[in-house]
Amino acid sequence: MGHPLRARCPHVTDAVVVGSGPNGLAAAIRLAQAGVAVTVLEAHDLPGGGTRTTELTEPGLLHDHCSAMHPSGVVSPYLRSLPLGEHGLEWLWPEVDLAHPLDDGSAGVMARDLARTAASLSPDDARRWERTFGPLVRHFGDLVDDTFGPILGPPAHPVLLARFGLAALRPATMLVDRWHDDRARGLFTGVAAHFFGRLDRPLSAAVGLILTAAGHAVGWPVARGGSRAISDALIAVLASYGGSVRCGVEVKDLAQLRDLTGRAPDLVLLDTSPASALRILGDALPDRVRRSYTAYRFGPAAWKVDFAIRGDVPWTSPEARVAGTVHLGGRAEEMVAAERATSSGAMPDRPFVLCGQQYLCDPSRSAGDLNPFYAYAHVPHGYTGDATESLIDQIERFAPGFRDIVVATHVRGPSALESYNANYLGGDIGAGANDGRQLLLRPRLALNPYRTGVDGVFLCSASTPPGAGVHGMCGFHAAEAALASLG
Ligand SMILES: Cc1cc2nc3c(=O)[nH]c(=O)nc-3n(C[C@H](O)[C@H](O)[C@H](O)COP(=O)(O)OP(=O)(O)OC[C@H]3O[C@@H](n4cnc5c(N)ncnc54)[C@H](O)[C@@H]3O)c2cc1C
């Protein structure tokens with residue numbers, strides 16, 4: 001399987017990227033832009049990692065298997081530099097980006113328009129919301145520059161980063177106390193729950209702050225036709241530089257790459273978990289890196305259910321009926337307790353549930369009066385029970401009658417998620433726990449976290465900075481490190 005470019009020009013540097021998630025594809029494109037002959041090897045039959053979309057339930061219904069909303073895709077400095085629009089990627093925005101309904105039928109709302117958010121909150125809380133997020137929204141581009149890469153370098157905007165850092169270092173629960181009404185408190189806590197960990201621990205405010213600021217700055221859009229449009233466009237850009245993707249090849253060790261390509265590639269980039277890197281690199285890994293990769297921790301899991309529904313979800317809250325994303329968890333205190341339970345290995349009665357109504361702004365995903373409805377619950381790492389009923393109960397709580405419109409379901413719990421994608425160990429869709437220092441320093445404390453310590457081999461997955469999300473920045477930075485290693 002030698003790369004054709006290599007066959008024509010033996011002096012050309014060649015690279016194999018293992019894994020075709022957004023980070024693997026971004027890494028491949030960056031290398032190909034620099035003239036490297038790149039082949040991407042993917043274990044699954046379909047490329048795209050977390051950005052696959054297929055008919056999971058009924059013919060014609062397009063379901064996003066994993067990623068659904070893409071604030072980080074829109075702001076990613078590297079993805080923005082690529083001509084993805086020319087290759088079919090089109091972002092679509094729902095009327096309201098996020099609704100957080102409460103039991104009384106009211107809801108906190110996050111919209112690109114801060115005024116619409118303010119209108120959903122009490123006047124005092126609206127003022128405090130603007131004071132918290134206004135400055136971050138106004139300088140959002142600068143904030144992205146300083147947070148979408150390794151944090152050990154000098155920041156480009158130290159004052160802004162210091163201001164963000166002071167709030168981000170705190171527990172989410174401390175920040176929540178800025179607001180008094182359940183709508184604002186619930187709204188922020190639901191976004192903070194994307195941290196997938198204890199919300200009363202330091203640093204747990206970081207994810208909520210950046211995702212809320214992103215919501216006001218650029219929204220939480222979806223890709224027309226499904227998230228696979230992102231990987232399709234990335235693969236087309238890669239092809240324009242001569243690179244290619246080969247599916248159905250699970251890489252187990254470095255020797256396999258030699259067998260496949262006829263020689264050891266000059267560069268290998270692993271869009272894998274540190275656990276897979278341990279297996280692939282074997283004894284070649286230096287002891288200190290082996291120890292760090294072995295100690296790398298995975299966090300709570302997702303329980304994903306895709307529904308085919310007839311008509312729309314009968315939300316009690318009118319705002320939820322027009323929202324792309326709906327967070328279910330009720331009051332802030334309830335979500336804090338649920339996240340504490342899942343983090344300590346216990347399944348809460350009422351888990352935090354995230355719902356996606358991508359079809360509202362993208363009717364191309366529906367068929368007649370059948371619509372694809374997306375949901376996942378937070379469950380403990382490696383959870384072996386069945387969370388489907390708890391998840392549906394949470395939806396029924398805020399949308400009585402939901403059960404009656406369900407036509408079909410497709411369920412993936414933690415072990416199914418892990419077999420589907422080896423990077424989601426124990427069902428952890430964030431490619432590693434966010435607790436302790438792992439949110440910032442992943443997969444290990446190192447000036448260059450992309451290096452594996454094996455010559456020419458780099459880690460480029462979401463287990464490296466800046467972590468989970470469809471932005472390709474882990475892949476971009478890893479490719480830069482690989483190119484720098486060539487001198
Ligand atoms: C249910 C769910 C919901 C999500 N929602 C969102 C969202 O709304 N917005 C968002 O931005 N992000 C979301 N994410 C997270 C996002 O999908 C990931 O952070 C992102 O895809 C990570 O990209 P990656 O390239 O690092 O890895 P992945 O996308 O996981 O891709 C890794 C690829 O490598 C392949 N691979 C692994 N090991 C091997 C091997 N040994 N040989 C060959 N191939 C291998 C895998 O099969 C996979 O295709 C979600 C994830 C899940 C699962």
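**Helix packing, ligand and backbone**

Guide: Helices α2 and α12 are roughly parallel to each other, because their axes cross at roughly 20 degrees and angles under 35 degrees count as roughly parallel. Keep in mind that this is a predicted model.

Visitor: How many Å apart do the axes of α2 and α12 come?

Guide: They come within 9 Å. Helix α2 covers residues 22–33 and helix α12 covers residues 228–240.

Visitor: Is the crossing of α2 and α12 left-handed or right-handed?

Guide: The crossing is left-handed.

Visitor: Which residues meet there, α2 against α12?

Guide: From α2, P22, L25, A28, I29 and A32. From α12, they meet S231, L234, I235, V237 and L238. By class, this contact has nine nonpolar residues, one polar and no charged.

Visitor: Next pair. At what angle do α7 and α8 pack?

Guide: Helix α7 (residues 140–147) and helix α8 (residues 158–168) pack at about 80 degrees, with axes 10 Å apart. That angle makes α7 roughly perpendicular to α8.

Visitor: And what does α7 put against α8?

Guide: D142, L143, D146 and T147 of α7 meet L160, L161 and F164 of α8. The contact of α7 with α8 counts four nonpolar, one polar and two charged residues.

Visitor: Switching to the ligand. How many residues surround it, and which are the closest?

Guide: The ligand is surrounded by 36 residues. E42, G50, M69, N421 and G469 are the closest.

Visitor: What does E42 do at the ligand, in terms of atoms?

Guide: One of the polar side-chain atoms of E42 lies 2.7 Å from a ligand oxygen atom.

Visitor: Which residue has a polar backbone atom 3.1 Å from a nitrogen atom of the ligand?

Guide: That is A43.

Visitor: Which loops hold P443 and P466?

Guide: P443 is in the loop between α19 (414–420) and β16 (457–459). P466 is in the loop between β16 and α20 (473–485).

Visitor: What is the phi of F196, and where does F196 lie?

Guide: Phi of F196 is near 60 degrees, a positive value in a residue other than glycine. F196 lies in the loop between α10 (182–192) and α11 (205–217).

Conventions. Residues numbered from 1 in each chain as written. Predicted model: local features only at pLDDT ≥ 70, side-chain atom pairs only at ≥ 80, totals over all residues. Heavy atoms only, no water. Axes fitted to C-alpha atoms, helices over the stretch in contact; angles between N-to-C directions. Helix = DSSP H or I, 4+ residues; strand = E, 2+ residues; numbered from the N terminus. Parallel < 35°, antiparallel > 145°, perpendicular 65-115°, else oblique. Left-handed = near helix turned anticlockwise from the far one by under 90°. Contact = heavy atoms within 4.5 Å. Nonpolar A, V, L, I, M, F, W, Y, C, P; charged D, E, K, R; others polar. Near = heavy atom within 4 Å. Polar contact = N/O pair within 3.5 Å; in protein donor to acceptor, adjacent residues only side chain to side chain.
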